[in-house]
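The sequence and the structure are shown first.

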Amino acid sequence: MQQNSEHVNITLKTVIYDVDSGEQETQEQSFTGEWTKKGSIDVLKYKEVNEEVGTIQNMIMIRPERVSIKRTGVIQMNQQFQLGQKTENIYQHMHGNMHMETFTESISFKEDTMPRALDMNYTMKLNEQLERKHQLKLQFSTK
């Protein structure tokens with residue numbers, strides 16, 4: 001553990017909207033992890049334990065105008081969110097690889113008080129399928 005890391009409670013909520021059907025899928029998870037502030041970059045690290053597939057290490061780097069989510073373990077991906085830009089990556093898991101295309105519409109990070117809060121809106125395409133709208137809300141605070 002790095003000297004300047006702090007233990008944090010993390011809440012991650014994602015909402016996926018299927019524009020064609022009007023349906024939405026919501027998922028909310030809570031984790032404990034570590035938070036480090038390096039200059040203008042906030043770094044969150046936490047483990048996600050999925051009973052069906054195993055453990056996934058997560059690292060989220062929050063910078064002004066850009067966020068990256070790196071997952072390693074049984075699921076691997078390095079997803080980049082750049083405001084107003086399209087990014088691409090490969091999502092690797094036990095059933096094969098999927099091509100991901102992401103367009104980031106908005107990034108908002110409240111960093112002056114606890115809990116810190118990240119809100120992002122983006123659209124995503126998996127394997128050239130229909131595009132779906134996503135909303136990600138991440139909050140974390142020191143224990």
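Does glutamate 128 count as buried or exposed? In this predicted model, glutamate 128 counts as exposed, because its relative accessibility is 53% and the cut-off for that class is over 50%. Asparagine 127, with a relative accessible area of 36%, is partly exposed.

**Backbone**

Most residues other than glycine have a negative phi, and most peptide bonds are trans. Asparagine 127 has a positive phi, and so does glutamate 128. Asparagine 127 is in the loop between S9 and strand S10 (132–142), and glutamate 128 lies in the loop between S9 and S10. The peptide bond from methionine 114 to proline 115 is cis; proline 115 is placed in the loop between strand S8 (96–110) and S9. The angles are listed below.

| Site | Backbone angle |
|---|---|
| Asparagine 127 | phi near 50 degrees |
| Glutamate 128 | phi about 60 degrees |
| Methionine 114 to proline 115 | omega near -5 degrees |

**Nonpolar core**

The largest nonpolar core comprises 25 residues, and Val67 and Leu138 have the most contacts inside it. Strand S9 (residues 116–126) supplies the largest share of this core, four residues. Beyond its neighbours within four places in sequence, valine 67 is in contact with several residues, including Ile60, Phe81, Ile107, Leu118 and Met120.

**Largest pocket**

The largest pocket holds about 960 Å³ of space. Its lining has 36 residues, and Thr14, Ile16, Gln27, Arg71 and Tyr91 lie nearest the centre. By class, the lining has 20 nonpolar, 11 polar and five charged residues. Strand S2 (residues 24–38) contributes the largest share of the lining, five residues.

Conventions: Residues are numbered from 1 along each chain as its sequence is written. This is a predicted model: local features need pLDDT of at least 70, side-chain atom pairs count only at pLDDT 80 or more; totals for chains, interfaces and linings use all residues. Side-chain values use heavy atoms; hydrogens and water are left out. On a 1 Å grid over the protein atoms alone, a cavity is a set of points where a 1.4 Å probe fits but cannot get out, and a pocket is an open set with protein on both sides within 12 Å along at least five of seven lines; lining residues have an atom within 4 Å of a point. Grid points are joined across faces, edges and corners, and a volume is the space filled by probe spheres set on the points. Helices (H or I, at least four residues) and strands (E, at least two) are DSSP runs, numbered from the N terminus. Ala, Val, Leu, Ile, Met, Phe, Trp, Tyr, Cys and Pro count as nonpolar, Asp, Glu, Lys and Arg as charged, and the others, Gly among them, as polar. A nonpolar core is a set of buried Ala, Val, Leu, Ile, Met, Phe, Trp, Tyr and Cys residues joined through side-chain atoms within 4.5 Å. Buried means under 20% relative accessible area, exposed over 50%, partly exposed in between (1.4 Å probe, protein chains only). Contact means heavy atoms within 4.5 Å.
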